[in-house]
Amino acid sequence: MAEAAALRVAIVQMKPDKGQYRANLRTSGEAFAQLAADSPNLVVLPEAAMTGYFLEGAVYELAVTAQDFARDLAAAWREAGGRTADLVAGFFENDDGNYYNSAVYVHVEPRSERIVHVHRKMFLPTYGVFDEERFLSRGRHLGVFETAFGKMALLVCEDACHAISATLAAVKGARVLIVPSASPGRGIEAEGELASITQWRDTLRLAAIEHGVFVIYAGLTGFEGGKGMTGSSFIVDPRGSILVQAPATEACIIRADLDLGAIDRARATLPLLGDLAAVLPNLLLDPELPLPRGARDATDC
Amino acid sequence: MTLPIVEPSAALLEPPGLNAAVTADWLAAFLRDELVLRRKIPRAVIGLSGGVDSAVTAFLCARALGPQNVYAIRMPYRSSNRSSLTDAALVVEATGIRCETIDISAAVDGYLQSQPDADARRRGNVMARTRMVVLFDQSAKFDALPIGTGNKTERLLGYFTWHADDAPPVNPIGDLFKSQVWALARYLGVPKPLIEKAPSADLEADQTDEADLGISYARADAILACLLEGYSDAATIERGFKKEEVELVRRRVDSTHWKRHLPTTAMLSNTAINEFYLRPVDY
């Protein structure tokens, strides 16, 4: 199947009611209804889109299976009049009593849906205001998956703060990185916006430029117990230009048409990814790196 | 040829800065989300003291909720400074918020007449806690939420009455140092007399915060910022602060951690509330 040359993307920047899974699904459905008439190919929602982010022990009450979440998301899309499209959203996953902060990529048809990929957040922030690993298990795999629009990867929030995540995804072939996120804002001394918003944009612009990828960042918004999620969803092209960015504190929809040919053109003029792929094995096999060297070491990690 | 040498500027002794526009917008969004969306109580009551903290809080609430939804309560005691009332009136006039004045003298004296040996500290605490009783009752009367006005500096230094000034369930300025509150006040247009006067709890005659604390807010804020960033006392002193003032701030912070927590509860089970049974405040 030939890959599409363009990708029409919408981000639904959710401001969920804490813990109200069904009500938030209805809210997302209202946003989907706005999109249905001029349907995007891909709709992206933030991390923890249907529950809110800071759940503590309530995560065990609200986590669902990936299959149930995909079904609920697809049903909301279809009930809103949506036809064939791909949907991405973050959710808390219950897999046989193991709990993860996950994101799902679902391909939705008028009468069926198919999970294309589930990514379980690997880097669980557990410091300061964050306590994810107190309640959740880590994902252990960074998958790159095929879509009708080329290979993509999902990185949930802190996953994307580590430069190596975007690097490995790109080396494995990802051309679009999707980052569902929930980032509590801080830093009031900076110019124009909170420092943490600038930090996210800087981090992902650099990833886009270095690897020649599109990055789609979907930020949760709304205050949770005094901690304000910074929203500011954005899409950055392979040369690092911000195509569109949402405000920080309002629920909204942003959308853009991505010219996927821009990836090849960017890589032709700045072929850093090819350069990296050539040398990366040497870098990763460096015996000075603190990496496991055998099965026993890997188990110990 | 001598080449110029470029180095980072020397470490400053200034208190933390603030982008006032960004902060004001953020805090207004916080108040709207917290009161209107989450709690569905779109009205606020604020104890308006005539000081800069409650003035900034009133300006923020007026901006977030509309002035018609903000009730300022002035609560003088018979020995309170008259200028506290007139300064509070300036805020009411500038914002258009509603205002009531409730004299707490009878309530306070009704109790204290049975406690003739109560010293100034006890009397001050009774006044502060009486004001909180009034504020919560007024919140029930107006179907509104009490809004806290304690800043980060006084919270860190423990310079407040426990379960009084810190009692309201929502506080927009509790993560702002006093210096930042002043900067925000200037941006919001708080009347000058409130920004320029010496801060005072006004619980005793001629009382000022800085005399009580033994250090200026500017110095305390700069030291607190170092302390919270993880600098040791030695490293803070090395930046140019005096040993005595660093020790004073450290002592105050370290002796008041308990004031920044809920009461200590004996744990007896593996379902102890807030130890094992963990649910966020907005769940």
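A salt bridge here is a side-chain nitrogen of Lys or Arg within 4 Å of a carboxyl oxygen of Asp or Glu. Using that rule, 3 salt bridges turn up across the interface of chain B and chain A. Before you click on, note that this is a predicted model, where local features need pLDDT of at least 70, side-chain atom pairs count only at pLDDT 80 or more, and totals for chains, interfaces and linings use all residues. Residues are numbered from 1 along each chain as its sequence is written, chains are lettered from A and ligands numbered from 1 in the order in which they are written, and side-chain values use heavy atoms, with hydrogens and water left out.

Select B:Asp282 and A:Lys18: they form a salt bridge whose closest N and O atoms are 2.7 Å apart. Next, pick helix H1 (residues 20-38) of chain B, which supplies 8 residues, the largest share of the side of chain B that touches chain A. Helices (H or I, at least four residues) and strands (E, at least two) are DSSP runs, numbered from the N terminus.

Zoom out: 21 residues of chain B are in contact (heavy atoms within 4.5 Å) with 30 residues of chain A.

Now for the sheet in chain B. Color its 4 strands, and you'll see an open, parallel sheet in the order E3-E2-E1-E4; strands pair if DSSP finds at least two bridges between them. Strands E3 (98-101) and E4 (145-146) of chain B are at the edges with a single partner strand each, so one side of each has no neighbour in the sheet. Finish at B:Ile46, which stands opposite B:Ala72 in E2(B).
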